[in-house]
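Subject: Structure handover

Hello,

Here is the structure you are taking over. My notes on it follow below.

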Amino acid sequence: MTRDSNDSSSAGPWGEPEDPTASLPAVGQTPGGRGSNPQGSSGQDGTRPYGRQGHPPQGQGQPGYNQQGSGQQGSGQQGSGQQGSEQQGYGQQGAGYGQQGPGYGNPPWESAQPTRMDQPGYGQQGAGYGQQGYGQQQGYGQQGPGYGQGPGYEQQGYNQQGRNGQPGLGPFGPRPEGTGTTPTWTANAGGPGGPGGRGGGGHHRPDKRAKEPRKRRKLLWAVTVGAVAVIAVIAGVTVTVLKHNGPGTPTYGLIPTGSTPQADGQQITTAFLTAWESGNLTKAANLTNHPAAAQAALAAYAKYLDLGKMTAKTGSVTSAASSTSAVPRETAQFAVNASVAAKDGKRLVRGMWGYKSTLTAYQQANSSIWFINWQPDVVAPNLTTKTRLAAITVAPTVGLVTDASGEGLTTFGDAGLTNISADIGKYLPSTEGKPGLDVQIETTNGKPVTDSQAIVVAPDNIPSVSTTITTADETAARAAVAMHPSSSMVVIQPSTGDILAIANNDGFNDFALTAAVAPGSSMKVITSTALFNAGILTPQSAVTCPPTYTIQGITYHNDQNESEPAGTPFIDDFAQSCNNAFTTQEPYLYGKLASTAKDYYGLNQKWDIGIGDLSGQYFNAPATASGSELAQEAFGEGELTASPLAMASVAATVDYGSFKQPILVPGTKRVTATALPASTDTYMKELMRAVVTEGTADGIGFGPDVYAKTGTADIKGQEQPNSWLIAFDPDQDVAVACLVLNAGYGAQFAGPEVKAFLDAS
C-alpha cells in the first residue's frame with residue numbers, strides 16, 4: 001500500500017615425444033612405407049652425412065641408402081624397384097605379410113615403431129611368395145608408377161644389393177646417362193628409413209637390360225601383375241595402386257638439400273613460413289610433426305586476427321642444445337608482420353602487428369626427412385593448447401571527466417559521480433575519439449589472459465570531457481542527502497534536460513541512477529495524466545475514495561482507513577494522496593498507463609545519458625498490466641520500478657510541458673516524446689501545487705512557486721517504507737527527485753531534503 005503523510009549484481013606444453021613424429025597421421029598405404037631391411041649394410045647407422053654433395057663411391061651407398069636388406073636373395077637384380085618400381089621388390093625372399101617390421105603401408109613417421117602385425121609387409125621375409133623369382137626380370141612398375149607407389153615409398157628396397165651385386169646410387173648421386181631409356185627418377189623422394197640406415201631411395205642405376213624390346217617389357221609387366229594378383233588373392237588383401245607426389249616431395253616433412261644441418265634447418269623453416277604467409281595452411285602443417293594440430297592453430301590465428309596480408313622471414317638458425325650427429329636439431333628465429341583487424345560497431349579497425357617467434361626443426365632418426373617440431377608457441381610466444389590470439393578494439397579513454405566548470409567529478413567524493421567518471425572514461429559517445437587495436441592472448445572461450453595485450457594501433461584518446469553537472473547544484477544536493485542515510489537525489493534543468501546534480505548518501509551505491517524500486521504515490525502524476533488525456537476526469541471531477549476497494553479477490557485499504565466522500569473533487573483526492581480514488585479508475589487505465597509513461601514522459605525505454613554504451617531503462621511499467629495489478633500500479637506499487645533520475649524527469653516534464661531526455665554529456669543523442677496537451681499540463685500543475693498548499697506536503701515549508709508530489713511505498717519484508725518526493729520550481733528552472741530507502745513517509749524524510757536543496761540553490 002502507498003502512504004503519504006496523511007494516508008500513506010618456448011617450450012609449449014606438448015614438449016617433444018620420444019619419437020618426435022609419432023603423432024603424425026597414418027595415411028593408409030601411402031608415403032614412405034618401410035621395407036623389410038632391419039639393418040644397414042656393414043652395420044651402417046643410416047645417418048645422412050653432411051659434406052660435399054655428389055657421387056658417393058661406387059659400391060658404397062651413403063649411410064642410410066643402398067644398404068643390403070635382410071634376407072634378400074635378389075639373384076643380382078637391382079632391388080625391387082628397377083626403373084621406377086616404387087614398391088618393395090619381389091625377389092627379397094618372398095612377399096611376407098606383416099612380418100619383421102611395419103611393411104608396405106606403414107607411413108614414414110612409424111619407421112621407428114615396433115613390428116606391426118596388422119599391416120601387409122610386402123618385400124619382407126615372409127610367406128615366401130616369389131622367392132628368387134621376379135628378381136630376374138625387369139622390376140615391377142618399370143617405366144611408370146610402380147605398384148603401391150606414393151610419396152616417400154621409394155625407400156627400403158630401392159637400390160638394395162644392386163643388379164649384379166652393384167650397390168645403387170644414394171640420393172645425392174648423379175643421374176645416369178646414355179642408357180637408351182628414360183628411367184623413373186626417385187631422387188630424394190623416400191620417406192624415413194628403417195633401423196640400420198635404410199633411408200629414402202635415391203637415384204638408382206639404370207638397368208642394363210633397359211634396351212630390351214617393348215614386347216618383352218609388356219610380357220614382363222603382364223607376368224608381374226598376374227603374380228601380384230595371385231599373391232593378393234592368396235593373402236586375402238586388397239592391392240591398391242598409390243599415387244606418387246613426385247621426386248623429392250614427401251607428403252609430410254621435407255628432404256632438404258643443404259650441406260649442413262643449419263642449411264637444412266633454414267630450408268624447412270623457409271618452406272614452412274612461405275606456405276604460412278601464402279595461406280597454404282595444409283602445406284605448412286604437413287611440414288610439422290603434428291599436422292592436424294598445426295593446421296588448426298594456423299586457421300585459428302587467421303580467423304581471430306581477421307588476418308590480411310602477412311609476411312614471415314627467417315632469421316638466425318643455430319644448433320639446438322639437444323642436437324646430435326644422428327638427429328640434428330636446429331633452432332630458427334623468425335619475424336612476422338601481419339595485418340590484423342577487429343570491428344568497432346560497423347567500423348573496421350586494422351593495423352600491422354610485428355613480432356618475433358622461434359621454432360625447432362629436426363631430422364628424423366635414420367631418415368633424410370626433416371620436420372618442424374610443432375608446439376603452440378611456434379605461432380607466437382606464450383601460446384598454449386588452451387589459448388589463441390585475437391584482435392580486439394580498444395575504446396578511447398578520457399584523461400579527466402569534469403563538471404560544467406572544469407572541476408573533476410571525483411573531487412566531490414560522491415559514489416555516483418565517481419562511477420560516472422569511470423564509465424565515461426571507458427565508454428565514450430561514438431562521436432568522441434577513435435578506437436585503437438590490440439592483439440591479446442585469450443582462452444578458447446574468449447576470456448582474455450591478464451596483461452597479454454600488445455598494442456597495434458593506439459586509440460585516439462581525449463584529454464577531458466565536460467559534463468552538465470554544476471558545482472553549485474552538486475554541492476547543494478550533496479549537503480541535502482547528508483540529512484539521512486541511504487538517500488539519493490537527482491536534479492534536472494527542465495528546459496534543457498541537463499542533469500545538474502547527482503548525489504548519494506548510501507555508501508558505494510549509486511541509487512540516484514541505479515535504484516529500481518516502486519515509486520509510490522509519485523506515480524499518481526502519470527496516472528492522472530492518463531485520465532486527463534483520455535477525457536475521463538478533470539481536476540474538478542467528483543471522485544469518491546472508499547476506505548476499501550476489492551478487485552479479483554484482493555482488497556485494498558487506504559492508510560489508517562481514511563476515505564473521501566462522494567462528490568470529492570479529484571484535485572483533493574490527489575492532494576491528500578488517497579489511494580482508492582486511483583484504484584477505482586482501473587477500468588479506464590488498461591493499456592493507457594504504460595503508454596502514457598512512454599509517449600508523454602519518455603519512460604519505459606532505454607536512455608543514453610552520455611555514458612556511451614551504458615544506456616539504461618530507468619523506469620519500467622508492464623504494458624500488459626490489468627485487473628488487480630493495474631489497480632496497484634495506479635497508486636505506484638505492483639510491478640512498477642523507478643529510479644530518482646526517472647522521477648526527476650517526470651517533474652521536469654510537467655514543469656516544461658514536454659519531455660527533454662536527461663543527459664550528462666552535451667551532444668548526446670536523445671529519445672523524444674509527445675508534448676503534454678496544454679490542458680493536461682495545466683491540470684497537472686494545479687494538482688501538484690495543491691499538494692504543497694493543502695495536501696501532504698503543506699507542512700514542509702516549500703516556497704510559493706514550488707510544485708510537488710509525495711510518495712510512500714511499502715516494501716514487503718522491509719521494516720519501513722521507502723520515502724519519495726518529486727518537485728519543481730519554475731523560477732529556478734530545476735526539477736528534483738529524492739529517494740530515502742527504508743525510512744518512512746515521503747513528507748517526513750524525502751520532503752525536507754528537497755526543501756534543503758531548493759533553499760540552497
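Is Thr-360 buried or exposed? This is a predicted model, and in it Thr-360 has a relative accessible area of 18%. The cut-off for buried is under 20%, so Thr-360 counts as buried. The residue sits in strand S3, which covers residues 347–363. Leaving aside neighbours within four places in sequence, Thr-360 touches Arg-329, Glu-330 and Thr-331, and also Phe-371, Ile-372 and Asn-373. Thr-269 is 91 residues away along the chain, yet its C-alpha atom is separated from that of Thr-360 by 8.6 Å.

Confidence

Mean pLDDT for the protein chain is 75, and 66% of the residues score at least 70. Over residues 5–247 the pLDDT stays under 50. The model still has 618 contacts beyond four places in sequence for that stretch.

Cores

The largest nonpolar core is made of 103 residues, and Phe-619 and Phe-702 have the most contacts inside it. Helix H14 (residues 644–656) gives this core its largest share, eight residues. Beyond four places in sequence, the contacts of Phe-619 include Met-523, Ile-526, Ala-597 and Leu-603. Also among them are Leu-640, Ala-646 and Met-647, as well as the polar residues Asn-604 and Thr-641.

Sheet

Three strands form an open sheet in the order S5-S7-S8, with antiparallel pairing. Strands S5 (387–394) and S8 (454–457) are the edges, each pairing on one side only. From one strand to the next the twist averages 30°. S5 and strand S7 (residues 436–443) are joined by eight bridges. Leu-389 has Ile-441 in S7 as its bridge partner.

Cysteines

How many disulfides does a search of the whole structure find? The search finds one. It is formed by Cys-545 and Cys-578, with their sulfur atoms 1.8 Å apart. The link is left-handed, at -85° about the S-S bond. Cys-545 lies in the loop between helix H8 (524–533) and strand S12 (548–551). Cys-578 lies in the loop between helix H9 (570–576) and helix H10 (580–583), and the two cysteines are 33 residues apart. Both Cys-545 and Cys-578 are buried. Cys-738 has 0% relative accessibility, so this cysteine counts as buried too.

Regards

Technical notes:
Residues are numbered from 1 along each chain as its sequence is written. This is a predicted model: local features need pLDDT of at least 70, side-chain atom pairs count only at pLDDT 80 or more; totals for chains, interfaces and linings use all residues. Side-chain values use heavy atoms; hydrogens and water are left out. A nonpolar core is a set of buried Ala, Val, Leu, Ile, Met, Phe, Trp, Tyr and Cys residues joined through side-chain atoms within 4.5 Å. Buried means under 20% relative accessible area, exposed over 50%, partly exposed in between (1.4 Å probe, protein chains only). Helices (H or I, at least four residues) and strands (E, at least two) are DSSP runs, numbered from the N terminus. Contact means heavy atoms within 4.5 Å. Two strands pair if DSSP finds at least two bridges between them. Axes are lines fitted to C-alpha atoms, for helices over the stretch in contact, and angles run from 0 to 180 degrees between N-to-C directions. pLDDT is the predictor's confidence in each residue, from 0 to 100. A disulfide is a pair of cysteine sulfur atoms within 2.5 Å.
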